[in-house]
Amino acid sequence: MPRWKALSGALFRVLAVWLVSSLTLLALAALLPDFRLQSPGGDSLTRTAVTAALGAGVFGLLSALVWPVLVRALLLVPALVLGLLVFFLNGSLLLLALDLIPEGRGQAAPETAVIVAAVMSAASSATSAFLAVRNDEAYHRRLVRLAGRRRGRRAGPARGPASPGTVFLQLDGVGHDLLCEAVRGERPLMPTVARWTGAGHRLTPWRTDWSSQTGASQLALLHGSNEDVPAFRWYEKDTRTVVVSNRPSSAAELQRRAIERTGDGGLLAYDGASRGNLFSGGADQVALVMSVAARRGRYNRSRAGYFAYFSDPANATRTAVSFVAEVVRELVQSLRTRFRRELPRVTRGGLYPVIRAFATVVERDVVVAAVIGDLLAGRTAIYADLVAYDEVAHHSGPAHRDALQVLRSLDRAIALIARAARHAPRPYRIVLLSDHGQSHGPTFLERYGLSLGDLVRAGCGLPVPRRAGRTPSGAEAREAARAALHRPEEAAGQRPERTAGPGSSQPLVLASGNLGLVSFPDVPGRITREELDRRHPALLSTLANHPGIGFLLVRSAVHGPVVLGPAGAEHHLDTGRLIGADPLAPFGDGAADAVRRTDRFPHAADVMVNSACDPKTGAVHAFEEQIGSHGGLGGAQSRPFLLWPAELTPPAPDGETLTGAEQVHRVLRRWLGEAEGPQLPLGPAADELRRGVRPPEGFPPPDPAAQDKSR
């Protein structure tokens with residue numbers, strides 16, 4: 001494009017935004033009693049219009065010059081608080097702009113200034129977006145601003161057009177079957193993904209491990225190993241601590257263990273970016289990553305993603321308004337569910353509306369903006385997690401209309417990222433995947449009137465409270481919101497589902513979706529079936545014969561790992577011996593292998609409890625307050641998806657099913673390696689890099705910050 005055309009186009013857009021802002025200011029002055037653009041004695045319409053133009057121009061200049069400085073200064077402010085401060089900061093800038101108008105013609109009450117500034121920012125943002133869509137160059141510049149002014153173009157190895165980058169977008173909790181439904185029909189729920197499945201991409205399911213949840217799946221996807229991750233939360237007798245996958249301290253420890261086990265920094269160790277994940281994958285560029293959220297100091301860049309987005313006042317205002325709208329939407333949807341007496345149903349009060357809005361608005365917007373910045377910077381590998389659907393489906397149900405509406409917004413986010421990739425300095429391949437699905441069904445407490453902890457206490461001959469307590473949801477967004485607010489981690493002993501604290505002689509019961517874990521803290525190591533029968537003769541039969549329990553895993557001193565089912569059914573995993581009906585039969589192929597693998601984990605619970613599953617509907621019963629759950633076996637939760645560009649090699653030979661997140665990690669590594677140019681270090685090569693051995697010719701040296709980041 002000739003330079004004069006670009007300059008004239010830019011001038012036209014500036015004038016158009018200025019005009020719209022001025023008209024907005026005039027309209028608000030006419031509507032709001034505490035806001036005026038005239039002198040006390042009155043002015044002509046022309047004079048008032050000139051005052052509006054001056055006010056809009058000064059406000060625009062202040063927003064462009066002062067706002068980035070303010071946001072940078074407020075980076076240490078918790079993210080949610082920063083989102084609320086957007087309104088007041090914008091109002092302060094407007095008051096300053098009005099004070100600069102000659103002869104005191106602009107005046108507004110402070111509370112009115114907040115409203116005027118928000119409306120003006122929204123109007124100018126809408127105008128800019130409309131003009132950008134109609135002009136490729138303007139659209140490219142807006143994407144750069146969305147990504148953050150502070151990024152800029154970084155120095156690095158030369159990249160030609162034949163060296164494509166790869167973007168991995170994780171749609172948290174979206175199962176394979178649900179995605180198939182969302183892309184069917186003439187008007188699919190996810191039109192962008194539907195176009196990809198019709199041409200250019202291929203779709204396949206994969207099977208999770210027994211622990212079908214983000215902590216286990218994403219640790220393996222990004223770091224190659226989820227060994228000794230038996231559930232979302234579990235008790236470790238050797239350290240006398242409860243590990244919860246989405247707590248910053250636990251995520252950091254799990255990442256450290258995985259790196260120590262594999263001897264490799266992670267999937268993103270070379271020129272990678274990790275956005276909105278539990279783990280960094282070894283990336284140097286991180287934003288909203290839980291494993292580094294608790295760190296302080298110059299090497300923690302997880303919160304820099306907030307600056308990248310909130311440095312644009314229009315974006316900050318839009319996100320803040322959308323946040324409030326999402327809270328209101330959740331309140332309305334919750335009331336509608338109650339008035340219609342829809343079942344199953346869980347409590348959606350308290351802080352849940354705020355947590356939902358954080359996941360579906362703030363986290364989504366910041367992650368998408370960060371990914372766009374990574375694309376425009378030309379990074380080699382990008383992995384981002386969009387958690388919005390998973391959070392809503394936990395409380396509304398996987399196929400409920402409230403959750404399906406979130407899929408529409410995720411599809412729009414995917415489309416925005418795909419459009420941004422066209423402006424990137426290198427070609428990109430976009431891979432969509434999920435870490436698990438979700439299974440529907442009433443909670444164990446709702447269906448049977450008691451919690452798993454109550455049932456365990458009854459089996460141990462301990463008193464059971466008359467009123468069953470509720471187990472808080474373990475959704476991923478809850479701890480992400482706590483980290484954004486700089487709130488301390490929840491104390492280990494505050495879960496009401498636990499019948500006793502660590503070190504007690506009474507059992508400790510934890511829930512991870514429809515997977516329950518029963519531990520006896522006073523018994524060193526893993527208690528045997530024989531010792532358990534001696535201490536609590538009725539416990540195993542009470543659990544195994546309950547209609548809401550599918551099977552138990554215990555370890556026998558004589559037979560090794562044994563799966564127990566109702567009516568005395570047993571499955572001896574070491575020998576394959578069956579007594580009665582196979583308790584694992586309702587859970588499909590691969591269930592025995594998944595349970596057998598978990599049994600060898602050093603921190604497997606004394607008794608692992610999986611809820612029953614209806615083989616016809618796939619319904620399960622979560623042991624926590626979720627009507628859409630994941631974490632164990634049964635239903636759609638164990639069947640996530642992988643959607644990859646057709647130019648990449650198939651993830652598995654025809655007829656074979658990808659099993660376990662560790663196998664999927666190897667596929668993702670292979671796809672990174674299929675790009676021409678620098679290859680990802682594997683195995684011994686990675687060890688040599690860490691020891692400081694010079695890499696082979698043609699392979700760029702790793703960024704030291706990337707190595708530090710993963711430890």
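User: Are α13 and α14 roughly parallel or roughly antiparallel to each other?
Analyst: Keep in mind that this is a predicted model. Here α13 and helix α14 (residues 401-421) pack at an angle of about 175°, their axes lying 8 Å apart. Angles over 145 degrees fall in one named class, so α13 and α14 come out as roughly antiparallel.

User: Which residues of α14 does α13 meet, and how does that contact split by class?
Analyst: From α13, the residues involved are A388, Y389, V392, A393 and S396. Their partners in α14 are D402, A403, V406, L407 and L410. By class, the contact of α13 with α14 comes to eight nonpolar, one polar and one charged residues.

User: What about α12 and α13: roughly parallel or roughly antiparallel?
Analyst: Helix α12 (residues 352-377) packs on helix α13 (residues 388-396) with axes 8 Å apart and an angle of about 155°. The cut-off for the class is over 145 degrees, so α12 and α13 are roughly antiparallel.

User: Which hand does the crossing of α12 and α13 have, and which α13 residues take part in the contact?
Analyst: The crossing of α12 past α13 is left-handed. On the α12 side, Y352, I355, R356, A359 and T360 make the contact. That contact of α12 with α13 holds five nonpolar, two polar and two charged residues. The α13 residues are A388, E391, V392 and H395.

User: How many residues are in the largest nonpolar core, and which helix gives the most to this core?
Analyst: As background, nonpolar side chains in soluble globular proteins tend to be buried together. In this model the largest such core has 56 residues, with W210, Y383, V595 and L668 having the most contacts inside it. The biggest contribution to this core is six residues, and it comes from helix α21 (residues 661-673).

User: Which residues does V595 touch?
Analyst: V595 is one of the residues with the most contacts inside the largest nonpolar core. Leaving out residues up to four places away in sequence, V595 touches W210, F551, L553, V563, L573, L584 and L633.

User: How many residues does the second, separate core have?
Analyst: L179, W196, L407 and A424 are among its members. L407 also turns up in the α13-α14 contact, on the α14 side. The second core's count is 54 residues.

User: What is omega for the cis peptide bond?
Analyst: Most peptide bonds are trans. Here, a cis one joins L343 and P344. P344 sits in the loop between α11 (313-339) and α12. Omega for this bond is about 0°.

User: D228 has a positive phi; does D228 count as buried or exposed?
Analyst: Phi of D228 is near 65°, in a residue other than glycine. D228 lies in the loop between α8 (214-223) and β5 (233-236). Its relative accessibility is 8%, which is under the 20% cut-off, so D228 counts as buried.

User: And R240, with its positive phi: buried, partly exposed or exposed?
Analyst: R240 is not a glycine, and its phi is about 55°. Its spot is the loop between β5 and β6 (241-244). Relative accessibility is 48%, so R240 counts as partly exposed.

User: How far apart are the C-alpha atoms of T48 and L37?
Analyst: T48 is in helix α2 (residues 45-73). With a relative accessible area of 9%, T48 is buried. T48 and L37 are 11 residues apart along the chain, and their C-alpha atoms are separated by 6.1 Å.

Note on methods
Residues are numbered from 1 along each chain as its sequence is written. This is a predicted model: local features need pLDDT of at least 70, side-chain atom pairs count only at pLDDT 80 or more; totals for chains, interfaces and linings use all residues. Side-chain values use heavy atoms; hydrogens and water are left out. Axes are lines fitted to C-alpha atoms, for helices over the stretch in contact, and angles run from 0 to 180 degrees between N-to-C directions. Helices (H or I, at least four residues) and strands (E, at least two) are DSSP runs, numbered from the N terminus. Angles under 35 degrees count as roughly parallel, over 145 as roughly antiparallel, 65 to 115 as roughly perpendicular and the rest as oblique. A crossing is left-handed if the near helix is turned anticlockwise from the far one by less than a right angle, and right-handed if clockwise. Contact means heavy atoms within 4.5 Å. Ala, Val, Leu, Ile, Met, Phe, Trp, Tyr, Cys and Pro count as nonpolar, Asp, Glu, Lys and Arg as charged, and the others, Gly among them, as polar. A nonpolar core is a set of buried Ala, Val, Leu, Ile, Met, Phe, Trp, Tyr and Cys residues joined through side-chain atoms within 4.5 Å. Buried means under 20% relative accessible area, exposed over 50%, partly exposed in between (1.4 Å probe, protein chains only).
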